[in-house]
Amino acid sequence: MRKASNGGRTAVKLAPLLLLFAAVPLGAQTVLNSVETTKKVSAAVVRVYGQTEVGQVEGSGFLVSSDGKVVTSLHVIRGIRRGSVQLAGGDIFDSFTVRGVDERRDLAIIQISGFVLSAIELGDSNELQPGEPVLLVGSPRDLQGSITAGVISGVRELSEGFKVIQTDAAANPANSGGPLVNARAQVVGVLGFKLKDSSGLNFAVPINYVRRMLNNLDATVSVASLVAGSTESKRLSDVKKLAVLSFGPTQAARLVREKLMNRLAKSGQFVLVEEPRDADAVLTGVVGDSVYGWANTAAIRLSDVAGGILWGDEARGPGRWGSASSNIAGKLADHLLNAGKNDRKGNNK
């Protein structure tokens, strides 16, 4: 969990992380049963981690759909070169794509290639009342599935133009992005930040902001913008040697990989190498469930050998190449081939 500095307007300048709260309307007699609530929500809470320029980072998140949509804090994934998501049961997904971000509220929705996954129910943060009991679930210090209890201390309005939920439920580093759940086992907030040198002053972003994001997900989201200083076109023309990592074990993944590699190899502009250390760029991909031999979800990321993203894209549903996966493969090939052509034109002037 990110700590805020003491200088300036402390509570106003902080980047928010989301907590989960127990939302119980006035007049309801719902009592939070910590054991039963934990059983209902813990399977949907995940650990998000990866490598950045400054070292290993980790945080928490939670599944909001059975096909692998995960809500977390934007600062948890910002700058990650190679990221992974670990489910409560121990399964690890070694890559994810970004479906949507909210810079102002420090929220992100990412996607893993899962299916029939446990998802948490969303509550209504507009119903929150001070004094309601809540549980915070996360992975502080790599202790996945840790539970702390508390109450909603208040709902605050920040000058940045959004509300945050204050709670005394204990939070620690790597709790960021984890859910705060109410007595109905519904997530009502995403853990965001705590005041430096303060005990029991933790803040979460109301879950209704997440609802808006889920209703307006982009069909295609570039991941390049999440790495500071990266540009999608700056170095594409410098890519001559490609190392290709796994696209997944399915037939669809193999077909997409072969189609892309054959197209690039036939152009005569690229050399395929075995090891990333011998490459100008590294290509990775994720391909989802197959339909008639093709994939209906796909993501491809082209990175330099240091991990900086040169090009990244994600697609779902049928595309003009016959599927989402062949669509995205064709787009990357076009980008690379055009970059090479433009580079040669420039050298001939």
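Helices (H or I, at least four residues) and strands (E, at least two) are DSSP runs, numbered from the N terminus. The model is predicted: local features need pLDDT of at least 70, side-chain atom pairs count only at pLDDT 80 or more, and totals for chains, interfaces and linings use all residues. Residues are numbered from 1 along each chain as its sequence is written, and side-chain values use heavy atoms, with hydrogens and water left out.

View 1. A pocket is an open set of points on a 1 Å grid over the protein atoms alone, where a 1.4 Å probe fits, with protein on both sides within 12 Å along at least five of seven lines; lining residues have an atom within 4 Å of a point. The second largest pocket holds about 180 Å³ of space. That volume is the space filled by probe spheres set on the points, which are joined across faces, edges and corners. Helix α4 (207-214) and strand β12 (162-167) each supply at least two lining residues. The largest share, 3 residues, comes from α4. The lining includes Ser125, Leu128, Lys163, Tyr209 and Arg212. It divides into 5 nonpolar, 3 polar and 2 charged residues. Here Ala, Val, Leu, Ile, Met, Phe, Trp, Tyr, Cys and Pro count as nonpolar, Asp, Glu, Lys and Arg as charged, and the others, Gly among them, as polar.

View 2. All 5 of the 5 residues of β4 (69-73) are buried (under 20% relative accessible area, 1.4 Å probe, protein chains only). Lys69, Val71 and Ser73 cover one side, and Val70 and Thr72 the other. Strands pair if DSSP finds at least two bridges between them. β3 (55-63) runs antiparallel to β4, joined by 3 bridges. Phe62 stands opposite Val71. The β3-β4 hairpin has 5 residues between its strands, and Gly68 takes a positive phi near 105 degrees. β4 also pairs with β8, antiparallel, over 5 bridges. Val70 has Ile110 of β8 as its bridge partner.

**View 3. Two nonpolar cores.** A nonpolar core is a set of buried Ala, Val, Leu, Ile, Met, Phe, Trp, Tyr and Cys residues joined through side-chain atoms within 4.5 Å. The largest has 45 residues; Phe62 and Ile110 are among those with the most contacts inside it. A second, separate core of 27 residues includes Val244, Val256, Leu260 and Val287.

**View 4. Phe115 in its loop.** Phe115 lies between β8 (107-111) and β9 (121-122). Its relative accessible area is 53%, so Phe115 is exposed (over 50%). The C-alpha atoms of Phe115 and Ser65 are separated by 8.9 Å, though 50 residues apart along the chain.
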